[in-house]
Structure formats: C-alpha cells, structure tokens
Amino acid sequence: MRTDWNARARSDAYYYAITGRRHQDAAEFLASADLVFPALQSGLSRLGTEGPRRALEIGCGPGRLMLPMSRFFDEIHGVDVSDEMLALARQNLRDVPNARLSRNSGSDLAAFPSRYFDFVYSYAVFQHIPSVEVVSRYLEESARVLKPGGVLCCQVRGGELRPEDHTRHDPTWVGCLFPYQKVFEVSRKCGLHLLQISGIDRQEMWMVGRMPAAGAGVSQSHPVFKAVTPTDNPFGIISRSGPGAAFACWLEGFPESLSLESVSVTLGSLEAVPAYVSEHLGSGGYQLNVLVPAGAPLGETPVSMSFNGVPVPGEHNVDIRDYPVPEPELVKVTDGVDLMVESTTATGSLKVLLRDVADPDAVAFELGSVAIGDVTYYCNYPHAFGYEYTLQLPPGVTPGVHVLRIKAPGWESTAEVNVLPLLRVPD
C-alpha cells in the first residue's frame with residue numbers, strides 16, 4: 001500500500017485522491033471538498049456539542065477534507081500510509097494550527113489511545129484496501145478510539161466492481177467489496193451502534209455509527225411497532241425499485257440505545273434491510289427506514305419486526321407496487337478520465353451520466369451519424385435508476401465539435417462534444 005500510494009502521489013496526487021481531473025492546482029482540488037461534506041454532515045449531526053472535541057481522518061491524503069473539517073473541532077488528526085501524500089497535506093494545512101498529521105501502518109490505529117476521539121471519518125480510502133480483514137480491523141479500531149457517544153462516519157465499497165476494474169490488475173486501487181452484511185457483523189462485534197447505512201449496492205456505501213453513551217438507559221416501556229408509511233417519493237408509494245423502494249416504520253417504547261443491528265424486519269418471507277434510525281423522538285419513539293428487498297412480491301404484504309431477537313407487537317401490511325416507468329434524463333457528459341471536464345474529451349473516451357433509465361441495455365449512442373459500439377455501463381445510483389456509461393469513441397474521429405446522440409425507446413437527447421487531439425493517459 002505504501003509503495004503504490006507513494007508512486008501515485010508522485011505521479012498526480014490530486015487526481016488519485018479524487019479521480020476527478022488530472023493535474024489540478026491546489027485551489028481547485030481543495031475546493032472539491034464541498035462535494036463530500038454533505039455526506040460527512042450526516043455524521044456530524046449525530047454528534048453532541050459539549051466540551052472540546054477531537055476528530056480523526058483515516059487516509060487523509062493531501063488534507064482536502066481536514067481543511068473544512070478543522071473548523072468543527074479543537075483538535076483534528078489525519079493519518080495516511082503515504083509519506084508523499086502527508087507531505088502535501090502538511091503544505092495544504094500549514095495555516096491550520098489545530099491539525100496534526102502522522103503516518104500509520106495502513107492497517108490499524110495503534111498510535112492512538114482508546115476513547116480519545118469524538119469523531120472518526122474516512123472517504124474513498126477503505127474501498128482501495130484489497131483485504132476485507134484489514135477494512136474490518138479499521139472499523140474495529142475506529143470503535144476502539146471513539147469516546148462514548150463518539151461517531152464514526154465512513155465510506156466502504158458496497159456495490160459491484162465497475163467494468164474497467166474487472167480487468168485492472170491493481171489490487172491497491174481496485175480494493176475489495178465490503179457488503180452491508182459485513183458492516184452489520186463488525187458493528188455487533190465491536191459494540192458500535194449502527195445508525196445509518198446508504199448506497200448498499202453502490203461503490204460509495206456510507207455508514208454512520210455511534211459508540212453508546214455511558215449510562216444509556218433502558219426504556220421502561222414495552223416496544224410497539226405502531227405504523228408503516230411510504231418514504232418521500234413523487235408518487236407516495238412503496239415500490240420494488242426506484243425512489244419508492246423503502247418504507248418508514250414508526251416505533252414507540254424503545255430504549256435510547258436503539259440501533260440498526262438490533263432490529264430485524266421481515267417483509268413477507270424476506271429479510272429487509274434497516275437503513276436509518278432517527279434520533280430519539282420522545283416516549284421511546286423513533287422513525288426507522290427500511291429498504292424493500294430484491295424480489296419482494298407485489299400487492300399486500302405483511303411487515304413484522306423483532307428487537308434483539310424478541311418479536312415486537314404490531315404487524316402491518318404494505319401495498320408494494322411497481323414504480324412507474326421513468327423517462328430518461330441526461331445529467332451530464334464528461335471526459336472518460338477527467339471527470340471534471342464536461343462536454344470535452346482529450347482521451348478518446350466519454351462518460352455519460354443518465355438517470356431514470358428503465359432498461360440500461362436499450363440505450364444507444366451515436367457520434368454524428370456513427371454508432372458507438374464500445375460501451376460499458378455501471379449502475380451508480382439505483383435509487384434514481386442512475387447509470388454511468390463509458391464510451392470509447394470510434395477510430396478516426398477528427399478533432400472538433402461533434403453531436404452526441406443518446407437514444408432509448410421513445411426518447412432521445414443530444415449534446416455537443418468537443419473532441420480534442422488525443423492525449424496519452426498514463427495508467
């Protein structure tokens with residue numbers, strides 16, 4: 001890991017830290033932290049406000065996220081396996097007096113004492129580690145160094161590999177899949193209370209967990225499963241796919257220690273995935289959001305629940321429907337490598353982001369009047385039927401502005417693409 005990431009840092013550190021665009025300047029790179037901050041905010045919102053606070057970023061790279069995150073903490077630490085990345089981080093954080101940087105082993109947090117941090121976070125790091133065991137150890141170590149009431153907010157690779165990763169012989173880049181079941185397993189093992197998990201079938205799966213606060217009380221009431229409602233979606237339905245593929249369970253009488261790994265929800269005969277639990281709403285009340293499992297039957301289906309293995313009173317039926325067939329929408333067209341460069345390519349490839357795609361195999365592409373046959377796709381946002389298509393332009397395409405046509409049954413869209421002279425892109 002250290003050898004590979006030092007080499008990547010010497011080659012193009014900012015590109016390998018976010019794979020957005022090659023050869024960015026520091027200002028552009030650091031500004032891109034704004035794109036990640038909303039995901040971290042979901043973890044920060046779970047954090048108490050009392051007393052001095054310490055944070056830790058695992059895999060801080062050149063310090064992009066530490067710069068804005070330092071405003072929320074009295075002391076912020078960053079660790080990385082790469083000396084080259086840390087050298088850049090020291091330069092970028094030279095005016096941040098509360099920032100501390102150090103090299104770690106790449107597999108643990110042994111340099112830090114237990115119960116030291118209020119907040120531990122990591123982004124686009126664990127997905128590159130080629131070992132489920134090492135990722136698990138990092139999660140366990142994160143739980144160890146958290147104070148009671150401290151929060152972990154991190155991203156792991158939950159979904160399938162991208163098409164190009166299947167042929168890329170680069171384990172410290174491709175990393176490993178870390179399925180959501182493993183997140184639940186590790187949380188139970190280390191006593192971390194899982195509060196939120198999102199993107200379970202995406203490359204960027206986020207989890208938020210909290211170490212239980214000292215003296216968290218046990219509810220004197222009896223848990224009750226009160227009601228089920230659809231989660232927010234344009235049609236107000238519960239569906240098997242798309243924005244309606246989740247439902248909210250309304251609970252009462254549960255203890256303040258309620259967490260996702262303590263709850264089991266069954267939809268008919270299928271296990272569903274608890275994905276979000278609200279903060280305590282009073283009287284033992286919570287909102288628990290649950291994902292509709294693949295293969296769920298249409299029509300009236302019973303929902304039941306257990307808490308720590310004990311059935312919870314209250315069984316409700318939900319009406320599961322097919323989500324209405326959407327009309328595709330073109331989100332953007334970028335260079336196939338430099339993802340921050342829109343409507344232009346110097347690499348002979350394009351990435352096309354579409355949403356509301358009912359049948360990804362039915363989408364076709366033409367540049368001018370020439371069909372593009374070398375196309376792969378990846379479902380990057382199942383919740384919105386979102387797909388990322390990678391197009392390799394046909395040989396002989398001349399530099400200049402070309403019209404890209406995108407076609408699906410009953411729908412067509414176009415975009416102008418500026419093809420620049422081909423640049424050689426290093427691996």
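This is a predicted model: local features need pLDDT of at least 70, side-chain atom pairs count only at pLDDT 80 or more; totals for chains, interfaces and linings use all residues.
**Entry 1: α1 against α5**

From α1, the contact uses R2, W5, N6, A9, R10, A13 and Y14. From α5, it uses D83, E84, M85, L88 and N92. I then sorted the contact of α1 with α5 by class: 6 residues are nonpolar, 2 are polar and 4 are charged.

Next I took the geometry. A helix pair is described by the angle between the axes and the distance between them. Helix α1 spans residues 2-18 and helix α5 spans residues 83-92. Their axes lie 7 Å apart, at an angle of about 45 degrees. I therefore noted α1 and α5 as oblique to each other.

**Entry 2: a sheet of 5 strands**

I traced the strand order of an open sheet and got β18-β25-β24-β20-β21. The pairing is mixed. Which strands stand at the edges? They are β18 (344-345) and β21 (370-371). Each has a single partner strand, so one side of each has no neighbour in the sheet.

I checked the β21 end. Its pairing with β20 (residues 364-367) is antiparallel, over 2 bridges. There I found L367 opposite V370 in β21.

**Entry 3: T344**

I moved to the other edge strand, β18, where T344 is found. Is T344 buried or exposed? Its relative accessibility is 17%. The cut-off for buried is under 20%, so T344 counts as buried.

I listed what T344 touches, leaving out residues up to four places away in sequence. The contacts are T334, D335, L350, N418 and L420.

Technical notes. Residues are numbered from 1 along each chain as its sequence is written. Side-chain values use heavy atoms; hydrogens and water are left out. Axes are lines fitted to C-alpha atoms, for helices over the stretch in contact, and angles run from 0 to 180 degrees between N-to-C directions. Helices (H or I, at least four residues) and strands (E, at least two) are DSSP runs, numbered from the N terminus. Angles under 35 degrees count as roughly parallel, over 145 as roughly antiparallel, 65 to 115 as roughly perpendicular and the rest as oblique. Contact means heavy atoms within 4.5 Å. Ala, Val, Leu, Ile, Met, Phe, Trp, Tyr, Cys and Pro count as nonpolar, Asp, Glu, Lys and Arg as charged, and the others, Gly among them, as polar. Two strands pair if DSSP finds at least two bridges between them. Buried means under 20% relative accessible area, exposed over 50%, partly exposed in between (1.4 Å probe, protein chains only).
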